[in-house]
Amino acid sequence: MDKILIAIIAVLVIGFIVWWFFGRHSSKEVTAERKGNSQNVDVVVNGGYNPSTVVLKKDIPAQITFKRKDPSSCLEQVVFPDFGISEFLPQNQEHVIKIDTTKAGEFDYACGMNMFHGKVIVK
Ligand SMILES: [Cu+2]
């Protein structure tokens with residue numbers, strides 16, 4: 001009887017881990033919404049970047065609209081080393097950063113202290 005109970009608990013725990021892992025994984029990547037000849041993605045900054053990966057279409061002018069809710073000074077700065085961008089994100093305001101989409105590739109960005117990471121994929 002005990003063994004059956006342990007087996008059931010084990011299955012539930014594994015199920016939870018799988019759900020947690022894949023649930024988070026699937027919500028991580030978002031493709032930009034296209035409007036005319038431009039594209040935009042909203043990224044909420046709250047204990048990290050959500051979504052943490054944004055996909056942009058190559059050669060279409062793009063912007064990321066950051067909405068920083070997190071009060072910590074850790075996330076107040078966002079740095080895109082590949083684009084030479086380092087900007088301050090005002091709390092509870094939208095802040096638009098234009099992204100160069102003339103080159104395809106994967107470009108990482110991070111907070112000012114390089115603790116939280118996000119990624120831009122241009123393809
Ligand atoms: Cu930081």
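Trainee: What separates the centres of domain 1 and domain 2?

Mentor: The centres, taken over C-alpha atoms, are 31 Å apart. The bounds, 1-30 for domain 1 and 32-122 for domain 2, come from an automatic or database domain assignment. This is a predicted model, in which local features need pLDDT of at least 70 and side-chain atom pairs count only at pLDDT 80 or more, whereas totals for chains, interfaces and linings use all residues. Residues are numbered from 1 along each chain as its sequence is written, and side-chain values use heavy atoms, with hydrogens and water left out.

Trainee: What makes up the area buried between domain 1 and domain 2?

Mentor: About 440 Å² is buried between them, 50% of it on carbon and sulfur atoms. Buried area is the accessible area (1.4 Å probe) that two parts lose on being put together, summed over both. Zero salt bridges are counted between the two domains.

Trainee: Why is the pair Asp42 and Lys67 called a salt bridge?

Mentor: The term requires a side-chain nitrogen of Lys or Arg within 4 Å of a carboxyl oxygen of Asp or Glu. The N to O distance between Asp42 and Lys67 is 3.5 Å, so the pair qualifies. Asp42 lies in strand S3 and Lys67 in strand S6, 25 residues apart; strands are DSSP runs (E, at least two residues), numbered from the N terminus.

Trainee: What makes Cys74 and Cys111 ligands of the copper ion?

Mentor: Donors are N, O and S atoms within 2.8 Å of the metal (3.2 Å for Na, K and Ca); water is not among the atoms, so sites may look incomplete. The SG atoms of Cys74 and Cys111 coordinate the copper ion at 2.1 to 2.3 Å, so both qualify. Cys74 and Cys111 are both buried.

Key
Buried < 20%, exposed > 50% of the residue type's maximum accessible area, 1.4 Å probe, protein only. Helix = DSSP H or I, 4+ residues; strand = E, 2+ residues; numbered from the N terminus.
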